[in-house]
Amino acid sequence: MGHDHGHNHTHGANKKALWISFIIITGYMIVEAVGGFLTNSLALLSDAGHMLSDSVSLGIGILAFTLGEKVADYSKTYGYKRFEILAAVFNGVTLVLISLYIFYEAYHRFMEPPEVASTGMLVIASIGLLVNIMVAWILMRGDTEENLNMRAAFLHVLGDLLGSVGAIAAALLILFFDWGWADPVASVIVAVLVIISGWRVTKDAVHVLMEGTPKNVELEEVVAAIECVEGIESIHDLHVWSITSGQNALSCHAVVNGDMTIHESQALLRRIEHDLEHKGIGHVTIQLENREHPHEDSLMCEGHRGSSPHHHH
């Protein structure tokens, strides 16, 4: 119960942080887009485009949290929490696509550098930097470490913050040295940073969708924690995966002494569940078997016999 209460509290704080960030970012995105057109700055326009993706990603993040609150039913027995991971995939791919578009635009600007109103560009980019710092601070107060959806939104805003820094630097170089190429160079540097962030988020989210082993779970430690419990002789058919960010699940078959009573087996299961909760796994399903009639012919069943824990899934 304590684990669920903590998760719900974090969930509420994350959702509130996303709502505040969404309102601020959407408002300033409009200002920056208009400013980019008026000053003819690609650095500002690319930053505004990135802010638009921020706004969309934050909106989808809010939708993901809202859908995630729906209770499980016969159709979705784990509930709708995995929508958060789908949102993270969308956000990551969006970051990559925006970066590619900025590269394309920058190439044309290198060929034919346009006239840029550097003073207006400097003012708008400076305000944008302050806005992004404020939003990044709001999102940092949420769970950007464990929650992929929050991390994707935070990386969007961080990329935006870097975009504002790049636009300010470009504006100063144009203002004092008349270096027109500084505008597309600034946008390219930001695009490189953004594409790296987008790739990482997408890769992590796809790992969850592929039921990969959670990064915060060490399988060797999990195997050791279960097998050191008195009464457990061996385990097989071990699977560990994430339902959504911060919610890990485990299932396995455990071979026990055939003389064990129901009361003893229940106490054993409670002990394992308690130990695994400290390993970051909150949802545990264990099938107990006695050694006279072990479960056969299942994925990974042969993996444990005479092999290292690395053969477990």
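This is a predicted model: local features need pLDDT of at least 70, side-chain atom pairs count only at pLDDT 80 or more; totals for chains, interfaces and linings use all residues.
Two strands are said to pair if DSSP finds at least two bridges between them.

- Three strands form an open sheet of mixed pairing, in the order β1-β2-β3.
- The edge positions belong to β1 and β3 (283-290), each with a single partner strand, so one side of each has no neighbour in the sheet.
- On average, neighbouring strands of this sheet are turned by 10° against each other, direction ignored.
- Strand β1 is mostly covered, since 11 of its 13 residues are buried.

**Helices α7 and α8**

- Helix α8 packs on the sheet and touches β1, β2 and β3. The direction of α8 makes about 140° with that of β3.
- The buried residues in α7 include Leu219, Val222, Val223, Ala225 and Ile226. Seen down the axis of α7, its buried residues fall within an arc of 160°, so they line one face of the helix.
- An α-helix has 3.6 residues a turn, so residues three or four places apart point the same way.
- Among the elements that cover the buried residues of α7 are β1, β2 (247-256) and α8.
- Asp275 lies in helix α8, which spans residues 262-277. Not counting residues up to four places away in sequence, Asp275 touches Ala225 and Val229.
- Asp275 has a relative accessible area of 19%, and the limit for buried is under 20%, so Asp275 counts as buried.

**Nonpolar cores**

- The largest nonpolar core has 34 residues, of which Leu18, Met121 and Leu139 touch the most other members.
- The elements that give two or more residues to this core are α1 (2-39), α2 (42-68), α4 (118-140), α5 (148-177) and α6.
- Leaving aside neighbours within four places in sequence, Leu18 is in contact with Leu58, Gly61, Ile62, Phe65, Leu139, Met150 and Ala153.
- A second, separate core of 22 residues includes Ile235, Ala254, Ile281 and Ile286.
- In soluble globular proteins, nonpolar side chains tend to be buried together.

**Residues with positive phi**

- Most residues other than glycine have a negative phi.
- Glu211 has a positive phi, near 60°. Glu211 is found in the loop between α6 (182-209) and α7 (219-227), and at 34% relative accessibility Glu211 is partly exposed.
- Asp237 also has a positive phi, near 50°. Asp237 is placed in strand β1, residues 232-244, and is buried with a relative accessible area of 7%.

**Cysteines**

- The count of disulfides comes to zero, a disulfide being a pair of cysteine sulfur atoms within 2.5 Å.
- Cys228 is exposed, with a relative accessible area of 54%, whereas Cys252 is buried at 3% relative accessibility.

Terms used: Residues are numbered from 1 along each chain as its sequence is written. Side-chain values use heavy atoms; hydrogens and water are left out. Helices (H or I, at least four residues) and strands (E, at least two) are DSSP runs, numbered from the N terminus. Buried means under 20% relative accessible area, exposed over 50%, partly exposed in between (1.4 Å probe, protein chains only). Contact means heavy atoms within 4.5 Å. The arc is that of the directions from the helix axis to the C-beta atoms. A nonpolar core is a set of buried Ala, Val, Leu, Ile, Met, Phe, Trp, Tyr and Cys residues joined through side-chain atoms within 4.5 Å. Axes are lines fitted to C-alpha atoms, for helices over the stretch in contact, and angles run from 0 to 180 degrees between N-to-C directions.
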